[in-house]
Amino acid sequence: MGKLMTVDDVSQSFPLKDGGHYIAIKDIDLEIHEGEFISLIGHSGCGKSTLLNLLAGLSQASSGGIVMDGRQVTDPGPERMVVFQNYSLLPWQTVRQNVAMAVNNVMHDLPAPARQERVDRTLAMVGLEAAKDKFPKELSGGMKQRVAIARALALQPRLLLLDEPFGALDALTRGNLQQQLMQICQNAGVTTVMVTHDVDEALLLSDRVVMMTNGPEAGIGQILQVPLPRPRQRLEVMEHPDYYGLRGELIGFLQQQRRLKQRRTSLATAPAPGAVNASRPFHRSATVVRLGVVPGLDVAPLAMAIDLKLFDEAVLQVVPVPFAHWQRLEEQLLNGSLHGAITAATAPLALTLGLSGQRPWSAVTPMTVSRNGNALCLGLPMLAQGVRTLGDLARWLNSQDQPLRIGVPQRRAIAEVLLRHWLASGGIDPERQVRFEALSPMAMHGALRTRQVDGFCAGRYRVAEIVQDGQGYVLATDLDIWSGHPEKSLTCSEAWAAAHPEILEALCSGLMRAAERCDDGGQREALTQVLSQPQWLGTRAAIALQRQFEFGAGTEPKALLRFNQFHADRACVPNPAEGAWLLSQFSRWGWCPFPSNRLEVLGQVYRPDLCAAALQRAGLASLRPTREAFALADGLVFDQDDPLGYLKSLPGSVQPPVAPVALPVAGAAAPHSPAHR
């Protein structure tokens, strides 16, 4: 099917009496194809009708645009017809006259007989030939709705827009009209977008169901493909083996959105542990925020923000708390000794699911601090074995009785997740042929030198040290595995984020302003000077920050574009799609069942709304997560709307168990109250 209409980054806001704005929908991207039937579902207030009005040209988007056939939609047009729930028939005109009025106004260039023939043909299409001379008061609700549909179809629109067309009808009439509408749309070949609250109606009629998240600032939460064969009959559809699975997906989405709304409302209205005393205004006393870190290049935005005084000193004072071990950092985060931390990108999900060996803890991430920056470094004995590629490594391992020993900064964190995926893509079994060992980043150099491990995966700073000292070489970087992957995230408790929105916004804002500078090549010398301070990386920081990346093994240094990425290409935006891939890997390796309520989990953990507020505060361009599918080292495309399909496509994979995840109680074990100066 060809593309008929494109909705590109559309947002719609409405002015409020107090001078503010209500943002109904935000950052909507959608492609509508010729001849398809799309349903929009979601709870009341999620912007379904707002989006439909924008498609019709009845209102203009506050930002973004809608393009149809290469032309921007700026006003209503006969190629886009709307059918409303209230019929909108003129009571003093007959059925035929109501339909003819539209035809005569739009197609006045046609001869009168041709216009009349079009009206009669359309009335026959909807089964109203016998009622063409009746007035609306003489018709049932179902017949009135068919008149409204006939009036729209008589103009032969390219796009038919239906706003809950059967919402006011009884169940029997509704069922009959649904069947008729399906047949009419199929015969006419018209593309249709319909707003509905009825999941069974959506499944019966649709090729795709677009599920909207809660408002305000509603967006597209999931798009469900409906692969049921056509033509469809209600009973046959309900007996299809996939029907109740699809139905469960729709109902599950709506239930998850309801629970998320209840959770946010509860946090917003109930005082959380550690709430800032409202009698202490921010401008009078800045709040001390203890932020846990493990020193490495990923702390660059934090180091620059502190050095350049980019944090709003009237709101907060950031105190970095360094750790040598990630496990210890997470323990302090969970027991409330830290207000937040720069953690592995997997940590917010892992902590929420209880995968870290600790009790489940309700975590959120308002921003991604860094992307990329890791490499797999092997000791020189591996080079002597001829291991220079992934294929070489697979052949060598197949000849060995012992597993490959790889040091990682933290078990089940982003470095191990990416390594497992990459190794498996080369035919290596990470479960049987590799042993992952958690090592402090500071201990990796010594462990490789003394052959406690065969290699390690770590950030550029540690890798640069080992290559510079002639003890190892780089087999691959994470650009070879997933370029642009999230590496470090800002993580805090959900309760603390809800209790201190301005403090969190100011913290993220300062980090974002610094991240922009870290990506600026002209700031490289200044960044090196800052990171060379003893509290960060020390005097060897320059080794890691050189423009050319040293692979060792006698190869020439290479320039790796954005090997460490902090702000460019939406780097700071926490993306639920990336979180969905991480969940798929957690399940792939048997660490947890795949959450059947994944959207609830991702909606609680990933907070692009908090990121957007911080970007605005920082004076930076508005950014949002993308819904585009992506591929990693194995070339298989990951679609966030079908993660189980992705898992099924993995070579040799076994479908993991699927089960709902009970999220930690909002506000449980929240950090202690921030200290005031």
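Predicted model: local features only at pLDDT ≥ 70, side-chain atom pairs only at ≥ 80, totals over all residues.

Trainee: Where does leucine 16 lie, and is leucine 16 buried, partly exposed or exposed?

Mentor: Leucine 16 sits in the loop between strand E1 (3–15) and strand E2 (21–33), and because its relative accessibility is 41%, which falls between the 20% and 50% cut-offs, leucine 16 counts as partly exposed.

Trainee: How should I read a helix, and which residues of helix H10 are buried?

Mentor: The general idea is that an α-helix has 3.6 residues a turn, so residues three or four places apart point the same way. In helix H10 (residues 326–334), the buried residues are Trp326, Leu329, Glu330, Gln332, Leu333 and Leu334, and they pack against strands E11 (287–293), E13 (340–344) and E20 (486–493) as well as helix H11 (347–353). Just after H10, glycine 336 adopts a positive phi of about 90°.

Trainee: Is alanine 413 buried or exposed, and which residues is alanine 413 in contact with, leaving aside its neighbours within four places in sequence?

Mentor: Alanine 413, in the loop between strand E16 (404–408) and helix H14 (414–425), is buried, because its relative accessible area is 5%, under the 20% cut-off. With neighbours within four places in sequence left aside, alanine 413 contacts Ala344 and Thr346, whereas its C-alpha atom is separated by 45 Å from that of threonine 191, 222 residues apart along the chain.

Notes: Residues numbered from 1 in each chain as written. Heavy atoms only, no water. Helix = DSSP H or I, 4+ residues; strand = E, 2+ residues; numbered from the N terminus. Buried < 20%, exposed > 50% of the residue type's maximum accessible area, 1.4 Å probe, protein only. Contact = heavy atoms within 4.5 Å.
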